[in-house]
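Take a look at the molecule below. We will follow its aromatic rings, one step at a time.

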Amino acid sequence: MAALAVVSAVGLVVDDRVLVGAPIWAKPFKFSVSFVAYCLTLAWMLTLLTRGRRIGRWAGYVVVLTGLIEMVIITVQVVRGKRSHFNTATAFDSALWNAMGMTIVVLWAATLVIAVLLLRTRITDRATALAVRGGLLIALAGAGLGFLMTLPSETPQAAGNFDAADTMGAHSVGVPDGGPSMPLTGWSTTGGDLRAPHFVGMHALQLLPLLLIALVLLAPRFARLRDAGVRLRLMQVAVGGYAALVALITWQALRGQPLIHPDGVTLAAAGAILAAVACGTWRALRPTAPARPSRTAAEQEPVA
């Protein structure tokens, strides 16, 4: 995947073709970089297993193989100048799209196996256990949101040279794919875009463990963070807040609303989540009162 990211970066420079409103090599570049982060994180998580290591190793092999198949299909379609996702224009395109769908289902199932193994393994530090398990479960939910993109929609789903009859599924909600979009991400600025919650959800796999690593690194400078209980409570707030964020932007996308143009209801919900996270963080950092020692039997007896 790292090698393919380099190849795709070169393609972005030397190949000026545009497909559905984006440089044709943008998709393999973004996918390969994402797979690098995904696989490195899973590889680290597999080292935490105390039992079921053989099953975890085979599940890791399945992730590698299905990820490779996915990227081969995407790259083949780029070379052909065709869409890889949602493309049913010809029998060959449809076969490739169906193969991608099957490989992603298998990849998701293999990741679920790893998640179950990590839920059952004993991780001594409770904050680490929560960061790993919470990140995996939210990432599975985020990956599952990708299946919503494959559902038929009443909205015309193609742009540019593609007819809606040649596609099955779309990234955007309420507008055709390929319209005005955000820089770098390519997410729609005129309608909902399911890639936003899909991306944010999947990268909980990296961001939550990275947050815990940051807390541990900051502990020597901040006394409160040296307390394992404080770190655990902060991770509880982070996992809850992250899950709420994914739910919010999924709801926003399904209503056909651009990520960067939220309405009043979305802003109110975001404000409530932010307030809850801020309150939870304050409570997590607040010093706990020391336990009062129990009185001895002599102290409890009334004075004659």
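Which residue lies over the face of W251? R255 does, at 3.8 Å from the ring centre. Keep in mind that this is a predicted model.

A search of the whole structure finds three aromatic pairs. One of them joins F86 and W97. Their ring centres are 5.3 Å apart. The planes make an angle of 70 degrees. That arrangement is edge-to-face, because the angle is over 60 degrees.

Where do these two residues sit? F86 lies in the loop between α3 (53–80) and α4 (91–120), and W97 lies in helix α4, so the pair ties together parts that are 11 residues apart in sequence. F86 has a relative accessibility of 1%, so F86 counts as buried. W97 has 10%, so W97 counts as buried too. The cut-off for buried is under 20%.

Next comes the pair of W187 and F199. This pair is also edge-to-face. Here the centres are 5.7 Å apart, with 65 degrees between the planes. The pair links distant parts of the chain. W187 is in the loop between β3 (172–173) and β4 (192–193). F199 is in helix α6, which covers residues 195–202.

F199 has 45% relative accessibility, so F199 counts as partly exposed. Such a value falls between the cut-offs of 20% and 50%.

Terms used:
Residues are numbered from 1 along each chain as its sequence is written. This is a predicted model: local features need pLDDT of at least 70, side-chain atom pairs count only at pLDDT 80 or more; totals for chains, interfaces and linings use all residues. Side-chain values use heavy atoms; hydrogens and water are left out. Rings of Phe, Tyr and Trp (its six-membered ring) pair if their centres lie within 6.5 Å; planes under 30 degrees apart count as stacked, over 60 as edge-to-face and the rest as tilted. Helices (H or I, at least four residues) and strands (E, at least two) are DSSP runs, numbered from the N terminus. Buried means under 20% relative accessible area, exposed over 50%, partly exposed in between (1.4 Å probe, protein chains only). A charge sits over a ring if NZ of Lys or CZ of Arg is within 6 Å of the ring centre and within 35 degrees of the ring normal.
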